[in-house]
Each structure stands twice: as C-alpha cells, then as structure tokens.
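Please keep the sequence and the model at hand while reading.

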Amino acid sequence: CPQGGLIPDSSAQFGEDIRCLLGKRLRLAVSILFGGALAFLIRNLFWGPDHVLETHILVPQIMVTAVLGGVTVLLVAKSCLSVRILRFCEFAVFGLPAVFFVWVQFCVACDTAPQEIAAAARAFPAETTIRWIILMNVYGVFIPNTWRRAAIVVGSMSAVPIVAAFGAITQQQAVRNYLLDQGGLSSMGIW
C-alpha cells in the first residue's frame, strides 16, 4: 500500500511520477497557451481593431505573451524541475492570462465609444466568456491535481469574469442595462 508507506520508497517514486507528469503536461499546456497568445498578438498588431493597439491593452498583451514564451523555453530546456518550481510556473501560466483577461474586460467596458456601446454590451458576455472557458479547459485537461485543488482553481476561474463584469457594470450604463436588465449576466453564468 503506497499511501500507507508499507512499501519502501514507493511514496518517493509516486512523487517523482507526479513531478514528471506535471512537467510534461505543463509543457503541453503552456505551449498551447503561448501559441494562442502569440497568434492573437500578431493578429492584433497587423489586423486588429484600433482599440487593441492602444498601449494600455497592447503592452500587457506583449508582457503576457513574453512570459508564456519564457516559461515554454524554461520547461522545454529543463526537464528536471522541482514540484515547487513547476507549481510556480503553473501559477504564472494560468494566473497572468487571467489577470490580462480581467484587464481587457474592464478596458473594453470603459473605453468603448458612446455610439458603439450598445453593440459592445451585447457582445460582452460571449467575448469575455470564451477566453475563460478555454483557460479552464486547458487547465482541467492538462494539469494533474486532486479533485479539491482542481475544483478550487476552476471554480475561481469561473467566478472571476462574473466578478469583473460587476466592475464593468459600474463603468458603463449600457453594459449595466444589458447585463442586469436583458439577461447578459445570466448568459455569462450559463456559458
């Protein structure tokens, strides 16, 4: 029984197996997220809408993409990292995009031109939710965890865009009307 410690060194082997699995899976997850971030950065630089080229969105996007690229290089170059470093990389790989998503969500709500606010308010739930669904799915599929840890992380990821939507509600009346009066917040919760 490895969990009871009756077999000598079995718990050490189990820990090593988990470390190797986490390293491999994290390498895959960060590669997927880095590829997506890089593709969106290139798209935004050359073909993106004007509001994306503003420095308060573009600079954080470049920083998140650079960090994801750096973590990708680290994980590919060094296959023998401790669990502590791997968990820190996990936090950076999923935490930084989450912070960036909240920032973009808030900026779009605050910076939309008055003549475009109605269309932006209708698009708000779908545009904000898809990012989070992708992030949660990559985490859930690739990162080995106990069910409790996974529930806490994925539950937090699902709560953050709704909490951020309440921040957006305070900034724009049209967003408030759509999210509260026309069911936009409900559709975010259903997604």
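## Aromatic pairs

F101 counts as buried, at 15% relative accessibility; buried means under 20% relative accessible area, exposed over 50%, and partly exposed in between (1.4 Å probe, protein chains only). F100 is likewise buried, with a relative accessible area of 14%. The model is predicted: local features need pLDDT of at least 70, side-chain atom pairs count only at pLDDT 80 or more, and totals for chains, interfaces and linings use all residues. Residues are numbered from 1 along each chain as its sequence is written, and side-chain values use heavy atoms, with hydrogens and water left out.

The structure holds 4 aromatic pairs. Rings of Phe, Tyr and Trp (its six-membered ring) pair if their centres lie within 6.5 Å; planes under 30 degrees apart count as stacked, over 60 as edge-to-face and the rest as tilted. The rings of F46 and W47 have centres 5.7 Å apart and planes at 55°, so this pair is tilted. F46 is exposed at 59% relative accessible area, and W47 is exposed at 65%. F100 and F101 also form a tilted pair, with 6.4 Å from centre to centre and 50° between the planes. Ring pairs join F100, F101 and W132 in a cluster.

## Nonpolar core

A nonpolar core is a set of buried Ala, Val, Leu, Ile, Met, Phe, Trp, Tyr and Cys residues joined through side-chain atoms within 4.5 Å. The largest such core has 30 residues, and L75, F94 and L135 have the most contacts inside it. Two or more residues each come from α1 (10-47), α2 (55-77), α3 (83-111) and α4 (117-142). The most are given by α3, with 10 residues.

Leaving aside neighbours within four places in sequence, L75 is in contact (heavy atoms within 4.5 Å) with L26, R27, V30, L81, L86 and C89.

## Second largest pocket

The second largest pocket has a volume of about 240 Å³. Its lining consists of 13 residues, of which F91, F94, G95, V153 and M157 lie nearest the centre. A pocket is an open set of points on a 1 Å grid over the protein atoms alone, where a 1.4 Å probe fits, with protein on both sides within 12 Å along at least five of seven lines; lining residues have an atom within 4 Å of a point.

At least two lining residues are supplied by each of α3, α4 and α5 (147-169). The largest share, 6 residues, comes from α3.

Notes
Helices (H or I, at least four residues) and strands (E, at least two) are DSSP runs, numbered from the N terminus. Grid points are joined across faces, edges and corners, and a volume is the space filled by probe spheres set on the points.
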